[in-house]
Amino acid sequence: MKNTKHYTFEIHGDERGSLVALEKTRNIPFEIKRVYYMYGTSSDAVRGCHAHKNLEQILICVNGSCKVRLDDGNEKEEIVLNKPNEGLYICNLIWREMYDFSDDAVLMVLASEYYNEEDYIRNYEDFLRFIRENSR
Ligand code: TYD
């Protein structure tokens, strides 16, 4: 889908195990202002269910697995995140829902802006309207 992208990060591995390094503008395409993560998520929970007016994010399931539904108002896509060195880049104005979390899932998100509730579009009809009005 346009405005989303898959990243595979280099694994620095040796007999001790694996290490992944994330650096702004080197392998992350924005300045990271915020990191948050979700864990202990119920398997029947659906998180997200919103879009952002102005925010870039990378989702990395650093442990376990979860699924992500993406919707840009025209196209829908479902993605499985189950590798700690894979990232899903999501630009602004993409509706996202995260679901099917495994018991051990830890979903980490890197974000280009600080938390700002005003940047959220939490109603799907408002999201579609926002896209229509801003694509004229
Ligand atoms: P919420 O937006 O419901 O999470 P999700 O999109 O994953 O369903 O956020 C849950 C709570 O956490 C809500 O009270 C807002 C707060 N929160 C922050 O304080 N900072 C943050 O960076 C995020 C993402 C959420």
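Mentor: A residue is near a molecule if one of its heavy atoms lies within 4 Å of it. This is a predicted model, where local features need pLDDT of at least 70, side-chain atom pairs count only at pLDDT 80 or more, and totals for chains, interfaces and linings use all residues. Residues are numbered from 1 along each chain as its sequence is written, and side-chain values use heavy atoms, with hydrogens and water left out.

Trainee: OK, which residues are around the ligand?
Mentor: Arg34, Tyr36, Met38, Arg47, Gly48, His50, Tyr115, Tyr120 and Arg122. Strand 4 (34-39) and strand 5 (47-52) each give at least two residues to that shell. Strands here are DSSP runs of E, at least two residues, numbered from the N terminus.

Trainee: How does the shell divide by class?
Mentor: Four nonpolar, two polar and three charged. Ala, Val, Leu, Ile, Met, Phe, Trp, Tyr, Cys and Pro count as nonpolar, Asp, Glu, Lys and Arg as charged, and the others, Gly among them, as polar.

Trainee: How far is the side chain of Arg34 from a ligand oxygen?
Mentor: An N or O atom of the Arg34 side chain sits 2.5 Å from a ligand oxygen. For the Arg47 side chain, the distance is 3.0 Å. Gly48 uses a backbone N or O atom, 3.0 Å from a ligand oxygen. The protein buries 59% of the 530 Å² that the ligand exposes when taken alone. Those areas come from the Shrake-Rupley method with a 1.4 Å probe.

Trainee: Switching to His52. Buried or exposed?
Mentor: His52 is buried, because its relative accessible area is 1%, and buried means under 20% (1.4 Å probe, protein chains only). His52 belongs to strand 5. Its side chain makes a polar contact of 3.2 Å with the side chain of His50. Such a contact is a pair of N or O atoms within 3.5 Å; within protein, one must be able to donate a hydrogen and the other to accept it, and residues adjacent in sequence count only if both atoms are side-chain atoms.

Trainee: And cavities, what lines the largest one?
Mentor: Tyr36, His50, Gln57, Leu59, Arg96, Met98 and Val109. Strand 6 (57-63) and strand 10 (95-99) are the elements giving two or more residues to that lining. A cavity is a set of points on a 1 Å grid over the protein atoms alone where a 1.4 Å probe fits but cannot get out, and lining residues have an atom within 4 Å of a point.

Key. On a 1 Å grid over the protein atoms alone, a cavity is a set of points where a 1.4 Å probe fits but cannot get out, and a pocket is an open set with protein on both sides within 12 Å along at least five of seven lines; lining residues have an atom within 4 Å of a point. Helices (H or I, at least four residues) and strands (E, at least two) are DSSP runs, numbered from the N terminus. Buried means under 20% relative accessible area, exposed over 50%, partly exposed in between (1.4 Å probe, protein chains only).
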